[in-house]
Number of protein chains: 4
Amino acid sequence: MAERTSFGSDNHAGAHEAVLRAVVEANSGDAVAYGDDEWTSRATAELRRAFGADGVFLVFNGSAANILGLSLLLRRHEAVICAESAHINTDECGAAERILGTKLLTVPAPDGKLTPEKIAEQLSARGDDHRAQPGAVAITQATELGTCYTLEELRKLGDFCRASDLGLYIDGARLANAAAFLDCSLADLAECADVLSFGGTKNGAIGAEAVVVMREDLAPDVPYLRKQQLQLASKMRFLAAQFLALTSDDLWRRNALHANEMAQRLAAGVRDVPGISVRYPVQSDAVFAQMDPRYLKELQREWFFYVWDERASIVRWMTAFDTAEADVDRFVTSVRNAAGRHHAG
Amino acid sequence: MAERTSFGSDNHAGAHEAVLRAVVEANSGDAVAYGDDEWTSRATAELRRAFGADGVFLVFNGSAANILGLSLLLRRHEAVICAESAHINTDECGAAERILGTKLLTVPAPDGKLTPEKIAEQLSARGDDHRAQPGAVAITQATELGTCYTLEELRKLGDFCRASDLGLYIDGARLANAAAFLDCSLADLAECADVLSFGGTKNGAIGAEAVVVMREDLAPDVPYLRKQQLQLASKMRFLAAQFLALTSDDLWRRNALHANEMAQRLAAGVRDVPGISVRYPVQSDAVFAQMDPRYLKELQREWFFYVWDERASIVRWMTAFDTAEADVDRFVTSVRNAAGRHHAG
Amino acid sequence: MAERTSFGSDNHAGAHEAVLRAVVEANSGDAVAYGDDEWTSRATAELRRAFGADGVFLVFNGSAANILGLSLLLRRHEAVICAESAHINTDECGAAERILGTKLLTVPAPDGKLTPEKIAEQLSARGDDHRAQPGAVAITQATELGTCYTLEELRKLGDFCRASDLGLYIDGARLANAAAFLDCSLADLAECADVLSFGGTKNGAIGAEAVVVMREDLAPDVPYLRKQQLQLASKMRFLAAQFLALTSDDLWRRNALHANEMAQRLAAGVRDVPGISVRYPVQSDAVFAQMDPRYLKELQREWFFYVWDERASIVRWMTAFDTAEADVDRFVTSVRNAAGRHHAG
Amino acid sequence: MAERTSFGSDNHAGAHEAVLRAVVEANSGDAVAYGDDEWTSRATAELRRAFGADGVFLVFNGSAANILGLSLLLRRHEAVICAESAHINTDECGAAERILGTKLLTVPAPDGKLTPEKIAEQLSARGDDHRAQPGAVAITQATELGTCYTLEELRKLGDFCRASDLGLYIDGARLANAAAFLDCSLADLAECADVLSFGGTKNGAIGAEAVVVMREDLAPDVPYLRKQQLQLASKMRFLAAQFLALTSDDLWRRNALHANEMAQRLAAGVRDVPGISVRYPVQSDAVFAQMDPRYLKELQREWFFYVWDERASIVRWMTAFDTAEADVDRFVTSVRNAAGRHHAG
């Protein structure tokens, strides 16, 4: 593998070799299409077990998992409460509004995390037919800012939602990273939720996500909604095989743990550099840092990463399952060199 | 590879080994996500060239390609004219209505093919604001009934649509089979259309389809519509690699030609069997046959295939890129044996 | 009032003077907007009583009532079974598909009426995630062809739908005409249904329709759906006043009965005219007639009416609450004269 | 007319007697339905002239006008930039998201008014297919906070939108009040816009709004979109008659001017009361006031009005075309009395 020069995103990484191997092995003769095959049976059974779920359904990508998951929790007219920084609000090109026709009731959440109190504020207009009526809450775990809800926070959110007649959806594009950080099971994370997604893509898959349905009454509609939402894979065994690889010996956890450790290493490496300040607790595979704009310009000549907030000069660095310690160390050296040149002057 | 026991569908086949090899080879280090990678550049350039297209965009499956393609051709209020047997009408769970909000104005088409005359009948309500207004025509090539439009028929449809201010979309889930049958280029097939799809999945891909945009003015909206319609692959190189394999030395054509030949062999093998009558010209990889219901029951014990029309006792047998002559011959023997037992009696 | 020269539609008529009077009388000082006023309270209570309904909600027009009513009966992914000739299919510009995102599974119904048998045929694809899944049945009473379902037919449809887990919606744009024809109560007509509409507009209102909800569990969502579907009137008292007039001393029934009688008179007057044949039983305020195209041309010089089927030379003549016997008689004379001239020659 | 006891909303008022008279007069014999009548011809011609518009289309209410208007300006995937306080964002129960499928990109606007600078901030994500792409800007005139854009501000917004390839829509539910306040013509207000609404309901109509289309290329789609959006009135003459009354001798302006004057009188009457502070410039028919919560409670025993912001103790008082000076004076006395009792203590 080439030396890494990107901390752009965990989906800039390729696929884990075990995933590719599983895909190649699944190519053995005919199999009934659309999920009625043994790979899909095994993979979804494995995931149902891991989550304590009622039903598991494979889809192509994370936005699709979010839309499918939310569509199970909303009455026809209902809206979704989410953080302003939620991926469904900022990075899905308005898919929630377009495909579900739902309004997002967004809440400022400086660390990317919702709380019962913030959700409660959105409930004051209940019963007023001029106002969009919240039907579900969507949170992200790990969040878009790299933070994780604790199990206690999740429990409180779950209790609040149930008591408030709100469905609870978890965007789990990086659920693996949260489970690794919190050192808990997937079932521990899922317990509070009605529906959640479990992301394979950012964890080493070619491209595969699972919609995990925790409530028995919700599962029957999924096949039709998945088909309408353009997510029914014909040769589904090739999605399933990816999850078989990731669930084998908890490869997903090892991949996530490694990415998290690389993020910690990166953060540790830059934390004392003058002109740089790490933002948000580093609890998954992302490091956000506010940095002197001059370093930024210089670093971008050699390295690929995204500027998260142009005005505040905040960047996002992401690690992945295949980030090497040496990659991190070379990057930290680059940062230190840039800082050295500019800070001296 | 195991002996084939299914003539259920061309997507019961696995992936061509060259496709898998290309996917594995694409797993080399980091690549920018969402299509800004060299594999996607090369694959879409290759397809643009092959089709004489303005833009090519990769998506996950055939229904998605249809919805994305049609969304480019419809004003917000417009409807689609299609055959009753069109996949978008019968087999996409109402996705066109749900995702596009469009009405399908369906036309009976006994051989699966629309004609200018049939389309013209749907235009009488133009200008009446109570009636759904047609904005595009959708045809399938090869059709759902295994037939192909000739180049002359396509030309006439294209001329009629242009003259009638109707967009023309081709569902090309099996476009390769049509090109192989008609012994023409992809550009020949595409010339009449505004937008079309080019199916990789049924041709030997793991799962990949291309939306091919022939008109320059239509391409700019595609990226946003693709994202909203949940079809933006993050590790797009793995979709692109599949098309790189299929376009290399026109593997797509060889795959399609072989599948077509196997369908011809199958049809030829059963054509003179008493109690069986082959329906529709066999012009791609499908054979439809009306058969004595007693044979049907017996055959289904050993072989997997779909009953197309329960009442009329019509079945559909599909071949694929990897169907072996021996598979076909064993199947034909089974048919003949079944017929022999029952016809004798 | 000027002499009538139109048999174009029952909505070419103006408003009944009692309706106008009620509207003027409702203009007395302030009233809370959006339905929280005494006129709306009284009108909806009156209608709830007449229908034995759980909830009644006023909207602006018939298409809106249909969409709102159906939206209560469909799960997010479900389709509607209706007659090909249903207003929602032919005359609402694709609103069901656009606003509800639902597919209409249409059934040929030569007399405009569905039967359990016809509905049953649409249920064979249940459970197949490629096929649109029916969730509700929509019928029209009186139908678009001027016919009425008998109470027995309604009962059977209701039983079948309930047993088949299908909601039953009645488009009652001309429900008054059906109640008058069948000499039954509105509650008799409503009993089989989950939701229905009750049309004021064609019965003498300025413009007002009621959505009548028979099932307790369906009513809570209506206010939000009505608002989203753009049907919440701010000065709702002026819609309510119209229904107060129409329900006062059953004015709606007298209006409908009169219109029906005028249709009978018209049909009786032309039935024996050579070159004319009345189609469908005349059971409401519409007369369909196949006629010599030469009469048609001549009649249209003096009279306004619609050609229903150009090719078959079938016209539709509609009466209204304010059609005078003399109007009908003059029209019949015109028809007879036209026939006389052409038939003689 | 009873003494007014409500300053709740301008739509708590009834209809102007000239409007009712016009409706009654329009009830003269038959008229072709769906707008092909002389009243509609005359009313829309009159409005086209007053606005210098290309097309005018009548609908039932203000939310519907907004949705129809915006639907003309958005490509299928596009979003709308609007103020957080915009009616389409806060008071239409998510209709924009549900019916148009569009995302609202909201901008904080303390006085209810957008500026080119605020709009510009929403354009930074243009070209990024993960982000919703703005296609139109929606402003309200007069705003939801009772303020008015000056003609100069409108001109700048229009120039900015045109230069930025953004459509400009004006929600003109209270456009009459703005024209009265600014002492300008409707055409002056409309000049900057691509589409706008002109509200009749809050100006003395029973219920009627006009969608005013300024650009020739936009009008052809309106009839179909209006029908799909459930806004095609069958007896349209009764909507048209209301606008004929309002445009006759500029009744709309007199009604608006009077309402504005009553708001000024009210504001003047309470401005020096201790414990009360008038918020926002009073530029239409609304007065917002922050007041001691104790007065508020006491006032609400006798008078009806809405608390705009519970926490900040801000109320909204609205006048109407039929608010009498004596109504205002009695109300001001009540306010002063309440203040007197509590402030003395």
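The second largest cavity of this predicted model is lined by 24 residues, and those nearest its centre are C:Gly207, C:Leu239, D:Phe60, D:Gly207 and D:Leu239. Two elements give two or more residues to this lining, namely helix H11 (237-247) of chain C and helix H11 (237-247) of chain D. Sorted by class, the lining of the second largest cavity holds twelve nonpolar, ten polar and two charged residues.

The largest cavity can be described in the same terms. Its lining has 32 residues, and A:Arg98, B:Arg98, C:Arg98, C:Ile99 and D:Arg98 are the closest to the centre. Helices of chains A, B, C and D take part: in each of these chains, helix H5 (95-100) and helix H10 (222-228) each supply at least two residues of the lining. The residues around the largest cavity divide into twelve nonpolar, twelve polar and eight charged. In total, the model has eleven cavities of 30 Å³ or more.

| Cavity | Volume | Lining residues | Classes in the lining |
|---|---|---|---|
| Largest cavity | about 600 Å³ | 32 residues | twelve nonpolar, twelve polar, eight charged residues |
| Second largest cavity | about 320 Å³ | 24 residues | twelve nonpolar, ten polar, two charged residues |

The report now turns to the interface between chain B and chain C. Here 22 residues of chain B are in contact with 22 residues of chain C. The area buried between the two chains is about 1700 Å², and carbon and sulfur atoms give 41% of this area. On the side of chain B, the residues B:Cys93, B:Arg98 and B:Lys103 supply 37% of the area that the chain buries against chain C, which is more than any other three residues supply.

Helix H4 (87-90) and helix H5 (95-100) of chain B each supply at least two residues of the side that touches chain C. By class, this side of chain B consists of five nonpolar, seven polar and ten charged residues. The count of salt bridges between the two chains is two. In a salt bridge between them, the side chain of B:Glu97 meets that of C:Lys103, with a distance of 2.6 Å from N to O.

Technical notes
Residues are numbered from 1 along each chain as its sequence is written. Chains are lettered from A and ligands numbered from 1 in the order in which they are written. This is a predicted model: local features need pLDDT of at least 70, side-chain atom pairs count only at pLDDT 80 or more; totals for chains, interfaces and linings use all residues. Side-chain values use heavy atoms; hydrogens and water are left out. Contact means heavy atoms within 4.5 Å. Buried area is the accessible area (1.4 Å probe) that two parts lose on being put together, summed over both. A salt bridge is a side-chain nitrogen of Lys or Arg within 4 Å of a carboxyl oxygen of Asp or Glu. Helices (H or I, at least four residues) and strands (E, at least two) are DSSP runs, numbered from the N terminus. Ala, Val, Leu, Ile, Met, Phe, Trp, Tyr, Cys and Pro count as nonpolar, Asp, Glu, Lys and Arg as charged, and the others, Gly among them, as polar. On a 1 Å grid over the protein atoms alone, a cavity is a set of points where a 1.4 Å probe fits but cannot get out, and a pocket is an open set with protein on both sides within 12 Å along at least five of seven lines; lining residues have an atom within 4 Å of a point. Grid points are joined across faces, edges and corners, and a volume is the space filled by probe spheres set on the points.
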